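Here are some notes for a colleague who is opening this model for the first time. Please keep the sequence and the 3D view side by side while reading.

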Amino acid sequence: MVTGEVKGEIVDGARKAHYLTEIAKAEGLAITLDETVALTRIIGRGTTESVRAYANLRDRQLAQEAARHFSFIAHELRTPLNTARLTVHLMAAGGAERSELLARLQRAHDQLADLVDNSLVEARLHGEPVVFPSLWHTHALMREAVGNASLLAARRGVELHVEGDDLPVMVDPKVMTSALTNLVVNGIKFSCEGGAVAIRSRGVDDRVLLEVDDTCGGLPEELPSRLFQPFVQASHDRSGFGLGLVIVKQAVEAHGGAVRVVNRPPHGCRFVVELPAAAPEHRGD
(Lines give C-alpha, C1' and ligand atoms only; values in the text may rest on other atoms or scores of the structure.)
Protein backbone atom coordinates (compact mmCIF):
# COMPACT_ATOMS: atom_id res chain seq x y z
CA MET A 1 0.00 0.00 0.00
CA VAL A 2 1.29 3.47 -0.91
CA THR A 3 1.51 5.75 2.13
CA GLY A 4 -0.17 9.15 2.22
CA GLU A 5 3.24 10.84 2.25
CA VAL A 6 4.33 8.97 -0.91
CA LYS A 7 0.97 9.72 -2.60
CA GLY A 8 1.51 13.38 -1.86
CA GLU A 9 4.97 13.24 -3.40
CA ILE A 10 3.57 11.56 -6.53
CA VAL A 11 0.96 14.30 -6.89
CA ASP A 12 3.75 16.83 -6.49
CA GLY A 13 5.64 14.99 -9.22
CA ALA A 14 2.63 15.31 -11.52
CA ARG A 15 2.55 19.05 -10.89
CA LYS A 16 6.23 19.28 -11.78
CA ALA A 17 5.59 17.35 -15.00
CA HIS A 18 2.74 19.71 -15.86
CA TYR A 19 5.02 22.69 -15.21
CA LEU A 20 7.65 21.24 -17.55
CA THR A 21 5.09 20.65 -20.30
CA GLU A 22 3.92 24.26 -19.95
CA ILE A 23 7.50 25.44 -20.39
CA ALA A 24 7.85 23.20 -23.46
CA LYS A 25 4.68 24.66 -25.00
CA ALA A 26 5.92 28.17 -24.35
CA GLU A 27 9.11 27.30 -26.22
CA GLY A 28 7.12 25.89 -29.12
CA LEU A 29 8.03 22.27 -28.44
CA ALA A 30 5.38 19.63 -29.10
CA ILE A 31 4.95 17.00 -26.36
CA THR A 32 2.59 14.09 -26.89
CA LEU A 33 0.23 12.71 -24.24
CA ASP A 34 2.31 9.52 -23.99
CA GLU A 35 5.45 11.57 -23.38
CA THR A 36 3.66 13.58 -20.68
CA VAL A 37 2.47 10.39 -18.94
CA ALA A 38 5.95 8.89 -19.14
CA LEU A 39 7.48 12.07 -17.70
CA THR A 40 4.97 12.09 -14.85
CA ARG A 41 5.75 8.46 -14.02
CA ILE A 42 9.50 9.03 -14.06
CA ILE A 43 9.26 12.05 -11.76
CA GLY A 44 6.80 10.25 -9.46
CA ARG A 45 8.98 7.13 -9.31
CA GLY A 46 12.08 9.16 -8.56
CA THR A 47 10.27 11.16 -5.88
CA THR A 48 8.91 7.98 -4.27
CA GLU A 49 12.35 6.39 -4.15
CA SER A 50 13.75 9.57 -2.61
CA VAL A 51 11.10 9.51 0.11
CA ARG A 52 11.80 5.85 0.86
CA ALA A 53 15.55 6.44 0.97
CA TYR A 54 15.05 9.37 3.33
CA ALA A 55 12.74 7.30 5.58
CA ASN A 56 15.30 4.47 5.75
CA LEU A 57 18.08 6.91 6.59
CA ARG A 58 15.95 8.58 9.28
CA ASP A 59 15.11 5.19 10.82
CA ARG A 60 18.81 4.34 11.02
CA GLN A 61 19.60 7.71 12.61
CA LEU A 62 16.85 7.25 15.21
CA ALA A 63 18.08 3.73 15.99
CA GLN A 64 21.65 4.99 16.40
CA GLU A 65 20.46 7.82 18.65
CA ALA A 66 18.44 5.40 20.82
CA ALA A 67 21.39 3.01 21.08
CA ARG A 68 23.68 5.86 22.07
CA HIS A 69 21.15 7.08 24.64
CA PHE A 70 20.73 3.72 26.36
CA SER A 71 24.47 3.02 26.19
CA PHE A 72 25.07 6.35 27.90
CA ILE A 73 22.58 5.60 30.67
CA ALA A 74 23.97 2.09 31.20
CA HIS A 75 27.49 3.48 31.44
CA GLU A 76 26.45 6.16 33.93
CA LEU A 77 24.51 3.63 36.04
CA ARG A 78 27.57 1.43 36.34
CA THR A 79 29.67 4.03 38.20
CA PRO A 80 27.36 4.70 41.20
CA LEU A 81 26.38 1.02 41.37
CA ASN A 82 30.03 -0.04 41.60
CA THR A 83 30.68 2.69 44.17
CA ALA A 84 27.75 1.52 46.29
CA ARG A 85 28.85 -2.13 46.03
CA LEU A 86 32.43 -1.35 47.05
CA THR A 87 31.27 0.87 49.91
CA VAL A 88 29.01 -1.85 51.32
CA HIS A 89 31.93 -4.32 51.22
CA LEU A 90 34.19 -1.85 53.03
CA MET A 91 31.54 -1.21 55.67
CA ALA A 92 31.15 -4.94 56.23
CA ALA A 93 34.92 -5.31 56.55
CA GLY A 94 35.26 -2.29 58.83
CA GLY A 95 38.17 -1.02 56.77
CA ALA A 96 37.46 2.73 56.91
CA GLU A 97 35.65 5.45 58.83
CA ARG A 98 31.96 4.60 58.90
CA SER A 99 30.84 8.22 58.44
CA GLU A 100 33.02 8.59 55.34
CA LEU A 101 31.63 5.38 53.87
CA LEU A 102 28.06 6.41 54.60
CA ALA A 103 28.65 9.73 52.82
CA ARG A 104 30.05 7.87 49.81
CA LEU A 105 27.06 5.53 49.79
CA GLN A 106 24.69 8.50 49.99
CA ARG A 107 26.36 10.16 46.99
CA ALA A 108 26.03 6.97 44.96
CA HIS A 109 22.36 6.69 45.95
CA ASP A 110 21.72 10.32 44.96
CA GLN A 111 23.33 9.76 41.55
CA LEU A 112 21.20 6.69 40.92
CA ALA A 113 18.01 8.45 42.01
CA ASP A 114 18.77 11.48 39.83
CA LEU A 115 19.47 9.36 36.78
CA VAL A 116 16.31 7.28 37.19
CA ASP A 117 14.15 10.38 37.78
CA ASN A 118 15.65 12.19 34.80
CA SER A 119 15.25 9.15 32.54
CA LEU A 120 11.57 8.80 33.48
CA VAL A 121 10.82 12.46 32.78
CA GLU A 122 12.85 12.35 29.55
CA ALA A 123 10.89 9.28 28.39
CA ARG A 124 7.63 11.11 29.09
CA LEU A 125 8.75 14.16 27.13
CA HIS A 126 10.28 12.23 24.21
CA GLY A 127 8.57 12.58 20.83
CA GLU A 128 5.30 14.43 21.33
CA PRO A 129 5.47 15.75 24.92
CA VAL A 130 2.31 15.42 26.99
CA VAL A 131 1.88 17.76 29.96
CA PHE A 132 -1.10 18.30 32.27
CA PRO A 133 -1.01 21.96 33.29
CA SER A 134 -2.82 23.41 36.29
CA LEU A 135 -2.61 26.72 38.16
CA TRP A 136 0.50 26.99 40.35
CA HIS A 137 2.50 29.81 41.87
CA THR A 138 6.19 30.23 41.30
CA HIS A 139 7.19 30.27 44.99
CA ALA A 140 5.66 26.81 45.52
CA LEU A 141 7.55 25.43 42.52
CA MET A 142 10.81 27.07 43.55
CA ARG A 143 10.54 25.90 47.17
CA GLU A 144 9.91 22.36 45.97
CA ALA A 145 13.02 22.47 43.76
CA VAL A 146 15.13 23.92 46.59
CA GLY A 147 13.82 21.27 48.98
CA ASN A 148 14.79 18.52 46.54
CA ALA A 149 18.34 19.90 46.33
CA SER A 150 18.83 20.91 49.99
CA LEU A 151 20.78 17.82 51.11
CA LEU A 152 23.23 18.16 48.23
CA ALA A 153 23.65 21.86 48.99
CA ALA A 154 24.34 21.14 52.68
CA ARG A 155 27.00 18.55 51.82
CA ARG A 156 28.72 20.94 49.42
CA GLY A 157 28.44 23.99 51.66
CA VAL A 158 26.34 25.96 49.16
CA GLU A 159 23.59 28.34 50.31
CA LEU A 160 20.19 28.29 48.61
CA HIS A 161 17.93 31.33 48.22
CA VAL A 162 14.36 31.79 46.93
CA GLU A 163 13.68 35.34 45.76
CA GLY A 164 11.30 37.46 43.70
CA ASP A 165 7.57 37.75 43.18
CA ASP A 166 5.09 34.92 43.68
CA LEU A 167 3.49 34.71 40.23
CA PRO A 168 0.75 32.43 38.80
CA VAL A 169 1.65 30.05 35.97
CA MET A 170 -0.09 27.18 34.22
CA VAL A 171 2.32 24.24 34.45
CA ASP A 172 2.51 20.51 34.95
CA PRO A 173 3.95 20.56 38.50
CA LYS A 174 5.85 17.26 38.24
CA VAL A 175 7.52 18.16 34.96
CA MET A 176 8.29 21.77 35.86
CA THR A 177 9.56 20.88 39.35
CA SER A 178 11.88 18.32 37.75
CA ALA A 179 13.20 20.99 35.37
CA LEU A 180 13.81 23.55 38.14
CA THR A 181 15.38 20.92 40.39
CA ASN A 182 17.80 20.05 37.59
CA LEU A 183 18.82 23.69 37.27
CA VAL A 184 19.31 24.12 41.03
CA VAL A 185 21.26 20.86 41.33
CA ASN A 186 23.37 21.85 38.33
CA GLY A 187 24.13 25.18 40.01
CA ILE A 188 25.12 23.45 43.28
CA LYS A 189 27.40 20.94 41.54
CA PHE A 190 29.41 23.60 39.76
CA SER A 191 29.42 26.31 42.43
CA CYS A 192 32.48 26.70 44.60
CA GLU A 193 32.33 25.57 48.22
CA GLY A 194 30.85 28.35 50.32
CA GLY A 195 29.07 29.72 47.25
CA ALA A 196 25.37 30.28 46.72
CA VAL A 197 22.58 29.40 44.30
CA ALA A 198 19.61 31.75 44.02
CA ILE A 199 16.34 31.01 42.24
CA ARG A 200 14.00 33.92 41.62
CA SER A 201 10.86 34.74 39.69
CA ARG A 202 9.79 37.96 38.04
CA GLY A 203 7.22 39.07 35.49
CA VAL A 204 8.06 40.75 32.18
CA ASP A 205 5.02 41.76 30.11
CA ASP A 206 3.06 38.56 29.47
CA ARG A 207 5.91 36.26 30.49
CA VAL A 208 7.15 34.80 33.77
CA LEU A 209 10.91 34.47 34.17
CA LEU A 210 12.44 31.92 36.54
CA GLU A 211 16.16 32.58 36.96
CA VAL A 212 18.76 30.35 38.61
CA ASP A 213 22.06 32.05 39.47
CA ASP A 214 25.12 30.05 40.54
CA THR A 215 28.71 30.79 41.54
CA CYS A 216 30.52 28.46 39.13
CA GLY A 217 32.90 31.16 37.96
CA GLY A 218 31.56 31.17 34.42
CA LEU A 219 31.65 28.76 31.47
CA PRO A 220 34.25 28.14 28.75
CA GLU A 221 33.51 30.36 25.78
CA GLU A 222 32.39 27.54 23.46
CA LEU A 223 30.13 25.74 25.96
CA PRO A 224 26.95 27.86 26.42
CA SER A 225 25.69 27.18 22.88
CA ARG A 226 26.08 23.40 23.41
CA LEU A 227 24.77 23.01 26.96
CA PHE A 228 21.26 21.91 25.98
CA GLN A 229 22.45 19.20 23.58
CA PRO A 230 22.29 15.54 24.72
CA PHE A 231 25.30 14.10 26.56
CA VAL A 232 27.21 17.39 26.87
CA GLN A 233 28.86 17.67 30.29
CA ALA A 234 30.34 20.84 31.68
CA SER A 235 32.82 19.37 34.18
CA HIS A 236 36.26 18.01 33.38
CA ASP A 237 35.66 15.08 35.75
CA ARG A 238 32.40 14.22 33.89
CA SER A 239 30.47 14.30 37.18
CA GLY A 240 27.24 15.32 35.44
CA PHE A 241 24.99 12.87 33.62
CA GLY A 242 24.49 15.08 30.59
CA LEU A 243 20.70 14.57 30.62
CA GLY A 244 19.53 17.22 33.08
CA LEU A 245 19.70 20.27 30.83
CA VAL A 246 18.19 18.38 27.89
CA ILE A 247 15.21 17.55 30.13
CA VAL A 248 14.96 21.20 31.21
CA LYS A 249 14.76 22.29 27.56
CA GLN A 250 12.16 19.65 26.68
CA ALA A 251 10.06 20.43 29.76
CA VAL A 252 10.07 24.19 29.23
CA GLU A 253 9.32 23.96 25.50
CA ALA A 254 6.43 21.57 26.25
CA HIS A 255 4.88 24.47 28.22
CA GLY A 256 5.30 26.92 25.32
CA GLY A 257 8.38 28.49 26.91
CA ALA A 258 12.10 28.81 26.27
CA VAL A 259 15.31 28.43 28.26
CA ARG A 260 18.70 30.05 27.83
CA VAL A 261 21.95 30.51 29.71
CA VAL A 262 23.70 33.80 30.39
CA ASN A 263 27.43 33.46 31.03
CA ARG A 264 28.61 35.91 33.72
CA PRO A 265 32.31 35.34 34.37
CA PRO A 266 34.00 35.55 36.80
CA HIS A 267 30.91 35.23 39.02
CA GLY A 268 28.94 32.39 37.48
CA CYS A 269 25.98 31.59 35.20
CA ARG A 270 22.32 32.47 35.04
CA PHE A 271 19.84 30.00 33.59
CA VAL A 272 16.64 31.73 32.50
CA VAL A 273 13.36 29.86 32.09
CA GLU A 274 10.73 31.91 30.27
CA LEU A 275 7.09 30.78 30.56
CA PRO A 276 3.75 32.28 29.47
CA ALA A 277 2.00 34.03 32.34
CA ALA A 278 -1.29 32.48 33.46
CA ALA A 279 -4.24 34.00 31.60
CA PRO A 280 -6.78 35.97 33.71
CA GLU A 281 -9.43 33.24 33.31
CA HIS A 282 -7.04 30.72 34.81
CA ARG A 283 -6.11 33.02 37.69
CA GLY A 284 -9.74 33.71 38.53
CA ASP A 285 -9.26 37.48 37.94
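Notes on a helix and its neighbouring strands

1. The buried residues of helix α4 are covered by elements including β1 (134-137), β2, β3 (168-171), α5 (173-190), β4 and β5, where contact means heavy atoms within 4.5 Å. Helices (H or I, at least four residues) and strands (E, at least two) are DSSP runs, numbered from the N terminus.

2. This is a predicted model, in which local features need pLDDT of at least 70 and side-chain atom pairs count only at pLDDT 80 or more, while totals for chains, interfaces and linings use all residues. Residues are numbered from 1 along each chain as its sequence is written, and side-chain values use heavy atoms, with hydrogens and water left out.

3. Among the buried residues of α4 are Leu141, Met142 and Ala145, buried meaning under 20% relative accessible area (1.4 Å probe, protein chains only). The helix is followed by glycine 157, whose phi is positive, near 70°.

4. Strand β4 (residues 196-204) holds arginine 200, which is buried with a relative accessible area of 18%. Among the residues that arginine 200 touches, not counting those up to four places away in sequence, are Met142, Glu163 and Asp213.

5. On pairing, for which DSSP must find at least two bridges between two strands, β4 runs parallel to β2 (residues 159-164) over 6 bridges, with histidine 161 opposite alanine 198. With β5 (residues 207-213), β4 pairs in the antiparallel sense over 7 bridges, and glycine 203 has valine 208 as its bridge partner.

Technical notes:
Buried means under 20% relative accessible area, exposed over 50%, partly exposed in between (1.4 Å probe, protein chains only).
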